[in-house]
Amino acid sequence: MNVLVIGNGGREHAIVHALAKSPLVDKMYCMKGNAGIAELAECVDVDYCDVKAVGDWVDAHPDVEYTVIAPDDPLALGLADELEGRGHRVFGPNKAAAQIEASKSFAKQLMKKYGIPTAAYEVFDDYDKALAYVRGGKFPVVLKADGLALGKGVLICETLEEAEQGLRQIMLDKAFGAAGNKVVIEEFLQGKEFTPGEEVSVLTFTDGKTIVPMLASCDHKRALDGDKGLNTGGMGTFTPCPFYSQEIADEVMQNILLPTVHAMNAEGRPFKGVLYCGLMRTPEGMKVVEYNARFGDPETQVVLPMLKTDLMEIFQAITDERLADINIEWEQGACVCVVLASGGYPQKYEKGKPIEIGALDEDVILYHAGTARKDGALVTSGGRVLGVCAKGDTVAEARKKAYANIQKIKFEGMQYRSDIGIKYNAGV
């Protein structure tokens, strides 16, 4: 069949790369795609957040038999509903289900109602009341813009001064746009050893009835080594997570994954697609930090290379609500992805910098995120530019291979973290 993939980043390149291996897939289109995706799919220049325009394009291309919606914005805007309403087959949750990511206050209230473990919180749409609340609270504290903010609308504030500044940034300065009309103020979760940051990302396939977790992975959100600097969309990731034992996986399934899917069904919002759970290991057990209604970026870039089962087969089984009939298998070993970003990211950065790529090792995958072609030359076109992805028997081996191949890539201002894959003593 012919397939349309919605999106233009590293996650979408990983999805297209995986679908290209499927005997079920003939031709692929990608809206809007990037320079790397263009090597595997025909790129379509349509604004994928204009749901009517996307629907009209799919109507006009009857050869497209299936659409995969990867980013958060079009899901929150109801693109799945639009396409299904026009009679098209779609992968991705509808607008009502996508609220689990699109509104952090909805997600927190859902967890509270159904007893799903998460940090204590309050929600405010009034700046003065939010300010009064943080002035009477404990630190560190976490501020979250309620809506979608490209993965950057979360501020960890160590002091009252930082919290006051953060609230101004979110609610008054509208640094994250309308996403900051409401703010969720959360307690800061400590790790099990009373150290911050024992986090793990668990992506799951679900058709609303059956849940199949993917390999657990560890993201690195901060821009600089040692988890310093500003929050980004993700500077790299690795799998497996060293502390995510079978015992913890069983706890997460019973206390978080199953209750979440059942809660969404009970609320009349059945979730079909990829449900992402950002989790924290705490002294009281695993707790939810956040939900996403789609594949994570850059977690997808280390999870999908380890998938042995045909991804298109999984997608169709979810659409048809027969996921229980599929046996999903994974490779043994490890995978590491290091993001190469533009100078200045996640703040102001320049585009259009020529990219030089030498001869990479055969088994290294280079996922394109913010790339384009200008006069035939490969150039930067975003904050996160490339993801260098390598596999190995261990995280340490995969990490060594990824960093060795980074030395073969150059563009002006290129920045990356040098410590991807050593969290929780994984890569040592």
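**Entry 1: terms and ground rules.** Helices (H or I, at least four residues) and strands (E, at least two) are DSSP runs, numbered from the N terminus. The model is predicted: local features need pLDDT of at least 70 and side-chain atom pairs count only at pLDDT 80 or more, while totals for chains, interfaces and linings use all residues. Residues are numbered from 1 along each chain as its sequence is written, and side-chain values use heavy atoms, with hydrogens and water left out.

**Entry 2: α6 and α9.** I looked up helix α6 (residues 104-114) and helix α9 (residues 246-266) and found a packing angle of about 100°, with the axes 10 Å apart. The two helices are therefore roughly perpendicular to each other. For that word, angles under 35 degrees count as roughly parallel, over 145 as roughly antiparallel, 65 to 115 as roughly perpendicular and the rest as oblique. Phe106, Leu110 and Tyr114 of α6 meet Ala263, Met264 and Ala266 of α9; contact means heavy atoms within 4.5 Å. This contact of α6 with α9 has six nonpolar, no polar and no charged residues. I count Ala, Val, Leu, Ile, Met, Phe, Trp, Tyr, Cys and Pro as nonpolar, Asp, Glu, Lys and Arg as charged, and the others, Gly among them, as polar.

**Entry 3: α1 and α11.** Next I took helix α1 (residues 10-19) and helix α11 (residues 311-319), whose axes come within 8 Å and cross at roughly 105°. That makes α1 roughly perpendicular to α11. On α1 the contact uses Ile15, Ala18 and Leu19, and on α11 it uses Leu311, Met312 and Phe315. Here I again find six nonpolar, no polar and no charged residues.

**Entry 4: α7 and α8.** How do α7 and α8 pack? Helix α7 (residues 127-135) lies at an angle of about 165° to α8, with the axes 10 Å apart. That makes α7 roughly antiparallel to α8. In α7, Tyr127, Ala130, Leu131, Val134 and Arg135 touch α8 residues, including Leu160, Glu164 and Arg168. By class, I note nine nonpolar, no polar and three charged residues in the contact of α7 with α8.

**Entry 5: a pocket.** A pocket is an open set of points on a 1 Å grid over the protein atoms alone, with protein on both sides within 12 Å along at least five of seven lines; a cavity is a set where a 1.4 Å probe fits but cannot get out, and lining residues have an atom within 4 Å of a point. Grid points are joined across faces, edges and corners, and a volume is the space filled by probe spheres set on the points. The second largest pocket has a volume of about 540 Å³. Its lining has 19 residues, and Leu155, Gln169, Phe176, Leu230 and Asn231 lie nearest its centre. β8 (154-157), α8 (160-172) and β14 (228-231) each supply at least two lining residues.

**Entry 6: a cavity.** I searched the whole structure and found one cavity of 30 Å³ or more. Among the residues lining the largest cavity are Ile69, Phe91, Gly273 and Arg294.

**Entry 7: backbone.** Thr239 and Pro240 are joined by a cis peptide bond, with omega about 5°. Pro240 sits in the loop between β15 (236-239) and α9. The bond from Tyr345 to Pro346 is also cis.

Note on methods. Axes are lines fitted to C-alpha atoms, for helices over the stretch in contact, and angles run from 0 to 180 degrees between N-to-C directions.
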